[in-house]
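The following note sets out several points on the structure shown below.

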Amino acid sequence: MTSAESVTIVMIEDDEGHARLIEKNLRRAGVFNEVVHCESGTAGLKYLFDARAVSPNPLLILLDLNLPDMTGIDILGKIKADDQLKRAPVIVLTTTDDQREIQRCYDLGCSVYITKPVNYETFSQAIRQLGLFLSVIQVPKVP
Amino acid sequence: MPTTRSILGRAGLLLLALGALTLVLVDAGSIWLGSKTQAYGLALERAQQIRILAGQLQNRLDDAETGQRGYLLTGAESYLEPYTRAIALIPKSFEQLRPRFAGTPDQPLFDRLTGVIDEKLAELKHTIGLYDAGQHEQAITLVRTDRGKILMDQARELIANLVVTSDADIRRSADDMRWGSATLQITTVAGSIIVVILVTGTGFIVAGYARQIERSSEEVAALNRGLEERVQQRTADLMQANEEIQRFAYIVSHDLRAPLVNVMGFTAELEVGIAAIQKMVDTVAQKQPELVSDDARLAATEDVPEAVGFIRSSTAKMDRLINAILKLSREGRRVLTPEPVDMAQLFAGIVDSVRHQTEDAGAEITVQEHLPGLVSDRLVLEQIFSNLIDNAVKYLDASRPGRITVSARAQAGRLIYEVADNGRGIAASDHERIFELFRRSGTQDRPGEGIGLAHVRALTRRLGGLISVQSEFGQGTRFEVNLPRILPAQTESVES
């Protein structure tokens with residue numbers, strides 16, 4: 001078991017503004033974990049597969065589905081296909097609210113699916129609640 | 001086609017006329033033959049009677065002569081008896097024969113016979129008269145002159161002639177009849193042949209006609225099928241195009257949303273930041289007013305908050321519009337589930353839902369009785385018609401009591417639902433514009449984003465339908481929604 005603080009949050013999000021807003025609101029909720037921001041799917045996968053080997057910290061992945069170079073679904077599939085990474089919780093945080101997409105993500109093994117609210121107030125509130133949620137969940141260590 | 005048909009018709013008529021003519025000819029022939037047969041019968045009867053009567057006359061003449069001779073030889077009254085009897089009967093024979101020759105070519109012959117017989121009878125009478133007067137020798141001498149014998153021979157010959165001529169008469173009319181019957185036979189055979197030809201010809205024409213009609217109806221059926229296929233193809237194309245537009249709208253609005261979240265988010269951050277700066281400027285202005293320039297104070301207290309305010313209101317509006325597009329496209333992506341829909345019930349529900357507004361406005365909604373139902377998506381139909389009714393109620397003319405009518409009619413396998421009002425009406429230049437997104441028409445005194453009718457049109461198209469508007473400004477508006485009677489079930493859902 002690892003303390004919540006040692007968990008590294010890997011955020012795969014192409015929109016820098018969103019990434020910044022998400023991080024800000026997480027901090028406001030009292031989440032002070034390391035947040036690694038990857039701006040593309042490729043960069044995200046590279047970090048994850050490198051970190052798997054070197055990082056001592058367990059990982060929690062925040063994943064956007066609409067990425068320029070590949071879809072978040074592909075990334076999710078690759079994560080869940082990897083023996084080591086598959087235990088890392090994946091929180092899909094995206095603008096898409098299509099029922100089929102949601103279903104597909106859960107089928108592939110995502111832990112939580114959250115639709116980014118359009119309204120900023122609701123958005124920041126949701127991220128803060130996510131932060132509160134993150135502070136209580138247990139994350140397995142990447143072996 | 002009409003030319004051949006009329007030619008066929010003319011040929012048919014000609015054949016029919018020929019058939020009728022043949023029939024008339026055969027009929028006339030048999031009537032003529034009938035009259036000939038009758039004539040033959042009459043001639044036969046007459047000839048027989050003439051033969052009998054002539055024989056009688058001959059016998060009577062013979063009797064008269066025999067009586068005369070016997071009397072002259074014997075002087076016995078008994079011998080005279082055949083004479084007297086014959087004398088009495090001969091005029092009767094004439095009486096019977098005369099009408100049979102009256103007006104015939106044999107009349108002269110008969111007249112001659114009567115003359116000869118009169119002379120003979122006169123001779124007989126004369127000789128008997130002489131004998132009775134006792135002049136026996138003179139009477140015998142008179143006989144011996146052979147005049148009586150000659151007369152008698154003449155009479156016999158004439159009688160024989162009469163018989164012969166009447167026999168010839170029979171032959172003549174028999175020949176006539178034979179000829180007539182032969183002619184009739186030929187006519188009948190010819191007529192029958194003609195009739196058979198006509199019947200065959202007519203049969204061919206009728207068969208040709210029938211084939212032509214069959215071909216035409218097949219062509220019509222094929223055209224119909226083609227038309228149906230085309231309509232289905234077009235409807236499918238239209239639905240696909242609509243689907244593509246919906247998908248496009250969805251993607252665009254989705255991608256617009258992401259930067260908008262940033263704009264709104266950082267505006268909020270900016271607000272928080274400026275509030276802090278404002279507080280600081282206030283504090284500094286209180287403690288060391290010389291450090292705060294007018295520009296900095298103005299920026300912190302007025303310019304920046306004002307700018308942030310405009311950004312917020314604009315982004316809020318943009319957010320609403322994007323939401324509207326998203327809602328529209330999301331509706332377009334919903335999988336339709338066709339089911340039998342009772343439109344009367346559906347409209348009753350809509351009318352109930354706007355009852356509050358109609359009662360306030362003193363308006364009345366009339367729904368046609370026995371409104372035909374259809375198989376379609378209930379939710380979409382509800383949205384279409386409640387939008388139309390809402391609009392009708394929303395844009396009534398305050399100067400007159402509102403009258404909204406809902407009716408329907410069938411047309412070519414489709415149903416046309418009509419929502420008509422006597423409200424403000426729409427200017428002709430806006431008839432197309434009102435269906436566009438974010439466009440509105442007339443006095444802008446009612447809340448709205450200009451989404452309703454765009455939504456209605458998109459929904460109607462999804463159901464394979466069409467919507468049109470007829471309106472006169474200041475008079476009222478009539479929306480017609482043309483829908484297929486049965487919406488085909490979607491086999492697969494729309495891909496995202």
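Between which two helices of chain B is the loop in which Asp146(B) is found? The first point takes up this matter; the model under discussion is a predicted one.

1. Asp146(B). This residue is found in the loop between helix H4 (136-144) and helix H5 of chain B. Although Asp146(B) is not a glycine, its phi is positive, at about 70 degrees. Most residues other than glycine have a negative phi. Asp146(B) counts as exposed because 11 C-beta neighbours lie inside 10 Å, and the cut-off for an exposed residue is 12 or fewer.

2. His370(B). A positive phi, here of about 50 degrees, also belongs to His370(B), which is not a glycine. The loop that holds His370(B) runs between strand E2 (364-367) and strand E3 (374-377) of chain B. His370(B) has 7 C-beta neighbours inside 10 Å and therefore counts as exposed.

3. Packing of H7(B) and H9(B). In chain B, helix H7 (residues 343-353) packs with helix H9 (residues 378-394) at an angle of about 45 degrees, and their axes are 10 Å apart. The angle makes H7(B) oblique to H9(B). The crossing in which H7(B) passes H9(B) is right-handed. From H7(B), the residues that meet the other helix are Leu346(B), Phe347(B), Ile350(B) and Ser353(B); from H9(B), they are Leu381(B), Glu382(B), Phe385(B), Ser386(B) and Ile389(B). Divided by class, the contact of H7(B) with H9(B) has six nonpolar, two polar and one charged residues.

4. The largest nonpolar core. This core has 42 residues. Ile384(B), Phe385(B), Leu388(B), Ile389(B), Ala392(B) and Val419(B) are those with the most contacts inside it. At least two residues of the core are supplied by each of helix H6 (294-333), H7, H9, strand E4 (403-411), strand E5 (414-421), helix H10 (452-462) and strand E7 (476-484) of chain B. H9(B) provides the largest share, eight residues. As background, nonpolar side chains tend to be buried together in soluble globular proteins.

5. Contact between the chains. Chain B contributes 12 residues to the contact and chain A contributes 13 residues. On the side of chain B that touches chain A, the elements giving two or more residues are helix H5 (147-287) and H6 of chain B. H5(B) gives the most to this side, with nine residues. The residues on this side of chain B comprise five nonpolar, five polar and two charged.

6. Chain A. The secondary structure of chain A consists of five helices and five strands, which follow the pattern β-α-β-α-β-α-β-α-β-α along the sequence. Chain A has 143 residues, of which 36% count as buried. Among contacts in chain A with a separation of 6 or more, 71% are between residues 24 or more positions apart.

7. Asp82(A). The loop between helix H3 (72-81) and strand E4 (90-94) of chain A contains Asp82(A). With 16 other C-beta atoms within 10 Å, Asp82(A) is partly exposed. Asp82(A) and Phe49(A) are separated by 33 residues in sequence, while their C-alpha atoms are 9.2 Å apart in space.

Terms used. Residues are numbered from 1 along each chain as its sequence is written. Chains are lettered from A and ligands numbered from 1 in the order in which they are written. This is a predicted model: local features need pLDDT of at least 70, side-chain atom pairs count only at pLDDT 80 or more; totals for chains, interfaces and linings use all residues. Axes are lines fitted to C-alpha atoms, for helices over the stretch in contact, and angles run from 0 to 180 degrees between N-to-C directions. Helices (H or I, at least four residues) and strands (E, at least two) are DSSP runs, numbered from the N terminus. Angles under 35 degrees count as roughly parallel, over 145 as roughly antiparallel, 65 to 115 as roughly perpendicular and the rest as oblique. A crossing is left-handed if the near helix is turned anticlockwise from the far one by less than a right angle, and right-handed if clockwise. Two residues are in contact if their C-beta atoms, placed from the backbone, lie within 7 Å. Ala, Val, Leu, Ile, Met, Phe, Trp, Tyr, Cys and Pro count as nonpolar, Asp, Glu, Lys and Arg as charged, and the others, Gly among them, as polar. A nonpolar core is a set of buried Ala, Val, Leu, Ile, Met, Phe, Trp, Tyr and Cys residues joined through C-beta atoms within 7 Å. A residue is buried if 20 or more other C-beta atoms lie within 10 Å of its own, exposed if 12 or fewer, and partly exposed in between; C-beta atoms are placed from the backbone.
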